[in-house]
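User: I would like to learn how to read a structure like this one. Where should I start?

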Amino acid sequence: MIQPSVPEDNRRPDPVRRRNALNSMTTREAQAVEAALTRFQDEQGALLPLLHAVQDTLGYIPKNATSTIASAFNLSRAEVHGVITYYHHFRQTEPAQHKLAICQAEACQARGCRSLTEKAEAAVGCGLGQHTDDNRWELEAVYCLGLCASGPAVELDGKLYARITPERLESLIRKKELS
Amino acid sequence: MSVKIFVPRDSAALAVGADEVAEAIVQQAASRGQAIELVRNGSRGMFWLEPMVEVVVGGERVAYGPVTPEDVANLFDAGFLAGKPHALALGPTEALPYLKNQERLTFARVGITDPLSLEDYQAHEGFAGLRAALSLSGADIVQQVLDSGLRGRGGAGFPAGIKWKTVMQASADQKYIVVNADEGDSGTFADRMVMEDDPYMLIEGMAIAGLAVGATRGYVYIRSEYPDAVSVMEEAVVRATAAGFLGKNLLGSGKAFDITIRKAAGSYVCGEETALLESLEGKRGIVRAKPPLPALVGLFGKPTVINNVLTLAAVPYILSRGPKAYADFGMGRSRGTLPFQLAGNIRHGGLVEKAFGVTARQLIEDFGGGTDSGRPLRAVQIGGPLCAYLPDALLDTPMDYEALAAKGGVLGHGGIVVFDDTVDMAEQARYAMEFCAIESCGKCTPCRIGSTRGMEVIERMKAKPAEAAPQGVLLRDLCSTMLNGSLCAMGGMTPYPVLSALDHFPEDFNLAAETHKAA
């Protein structure tokens, strides 16, 4: 029987490719990517932690970072691109000023998340999975925040809110708009 | 004299304003010159009462809830520091029927202690299991887990001891313990509570597993939707390592065990063990074909124990109290207890740990108090998005892996989501297909494409009643292909909610009740 094993990788990191790719990013982007690489490059299987670190710093993973990361990890650009685009959490575009994620999963459905979502769409002026033209707001579907006994639940700019009514959500949105 | 006050830090309490309540309490106490000791404990799991504030009066904890920041001044006026009556007073916490009628083995400490306090943890039997394990051989530890009858709490119900034995007997230069904390099923939050409210219990369970099978490294793969769980676990690992409960020399035994916390990135299918391993290796979370089993060829190609949070969280109790104490609970082949999670449209939602054998009706009515809307209950989804919808008539089935399976149900991770009579079951079935389409990893065609076709078929049944009967036949055929033609539970179980909705609620699909089983 053929046993799959971790293939030995003889490719060498390409310093020229890496420098060129870093040059095509803004200084801020390049610094974030370099810092993350310094921290995670030698850790086994650490592509996800690295991508998290970059996105936590910048809010997104620069498209031009793909080849830098690929050469540092001895991967092909296709492999890195594949990972970034496979996971819902990772993004390659700058986030809007405010992000509202509304739980769409069953437990929140049973407590009216569908009508809550409609109200939120009307309040911020864009649909689920979209952002407003001025990039002030984006709405995101999330499938479970683990607050299933106190739905409907939302996450607004990283803070969790449970037992949320349409009125309460609208007032939270207004408060953010004034800030 | 300083009064001890507890305000939970569980994210279900934070999401309804626990931080603001804690702040208001500190301010009020300061302005009144009252000395207090504020403890941020875990949640007792009675989420309709959160934020639930507890005060120690005469050595006993009395509860008030749900408290808003605006209530705080009023509570001080009423004398809540002395346990005086108030509209929000609930009485002694331990006497509340919701807690008193549970059998909390795994959740014994949750809500009582400060989650990150090593002193608190040890004062409540913490690390007694690890100390016991250090005096045993690996084979003896495995035998205790086997004797306890502990089965995997992630959903499949595979005996944990057999998995451990396989890894123990494998020879390799490195073995791993991996915790599946990618709790993506809607209606479940027990893993989150363990990690946020009693993180050392999971750490202890992992270390014991490491000793049992000879693994020196552990990973906890936590979903990115749980940022609080990630930060508490990270801090707990740092503190446990500094105190010698992890690291190169476990409690001076010369044995090593280290833990790395890894954050997932929002892929539901990574809750499947082989997809999770791919993700930990830094790849796309795509399901692997089995065999080889992860127990033999797992993380980085090495023998790996991969267990759910609740499985490993049950282990310290088994080691400290003995396997029989655990196996004495439960029924049939389902031994011990399961932390059930009451969710959705339910009045008293929360965590209820009971021995296997309790019925869904007891949980929903006796603990849960029925629907929150007050309308009649129509359907219950037990186990998660890939599990069947059960009608009211089946709620007297005992919660036991085999008994529920006999009724077409799946116990899964013990989440129970209640729907009232406003639910459209055809829409729920359509959503099950939609969720599969969004989350499918794409490896198997029936899952990748069948899910989208399934959505379309259900939409046609709803839009054109005249075509519902032939489309219903098509839908059942499609479900059969997905059931039998998918590698993992994503495609293989998505048909469960769809078929159960068709079987029990045909009228929602524009099907006549008599003909719905014709296919």
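Analyst: Start with domains, whose bounds here come from an automatic or database domain assignment. This is a predicted model. In chain A the assignment gives domain 1, covering 15-86, and domain 2, covering 98-178.

User: How far apart do the C-alpha centres of domain 1 and domain 2 of chain A lie?

Analyst: They are separated by 31 Å.

User: How do I read a helix, and which residues of H7(A) are buried?

Analyst: An α-helix has 3.6 residues a turn, so residues three or four places apart point the same way. Helix H7 of chain A runs over residues 113-124 and reaches 16 Å from its first C-alpha to its last. Its buried residues are Cys113(A), Leu116(A), Thr117(A), Ala120(A) and Val124(A). These lie on the same side of H7(A) because they cover an arc of only 100° around the axis. Exposed Ser115(A) and Ala122(A) sit on the face turned away from that buried side.

User: What do the buried residues of H7(A) pack against?

Analyst: Their partners in chain A are strands E1 (98-103) and E2 (137-142), together with helices H6 (106-109) and H8 (166-178). After H7(A) comes Gly125(A), with a positive phi near 85°.

User: How many residues does each chain bring to the contact?

Analyst: The size of an interface is often given as the accessible area lost when the parts come together. Here we count residues instead: chain B brings 47 and chain A brings 37. On the side of chain B that touches chain A, 20 residues are nonpolar, 19 polar and eight charged.

How values were computed
Residues are numbered from 1 along each chain as its sequence is written. Chains are lettered from A and ligands numbered from 1 in the order in which they are written. This is a predicted model: local features need pLDDT of at least 70, side-chain atom pairs count only at pLDDT 80 or more; totals for chains, interfaces and linings use all residues. Two residues are in contact if their C-beta atoms, placed from the backbone, lie within 7 Å. Ala, Val, Leu, Ile, Met, Phe, Trp, Tyr, Cys and Pro count as nonpolar, Asp, Glu, Lys and Arg as charged, and the others, Gly among them, as polar. Helices (H or I, at least four residues) and strands (E, at least two) are DSSP runs, numbered from the N terminus. The expected span of a helix is 1.5 Å times one less than its number of residues. A residue is buried if 20 or more other C-beta atoms lie within 10 Å of its own, exposed if 12 or fewer, and partly exposed in between; C-beta atoms are placed from the backbone. The arc is that of the directions from the helix axis to the C-beta atoms.
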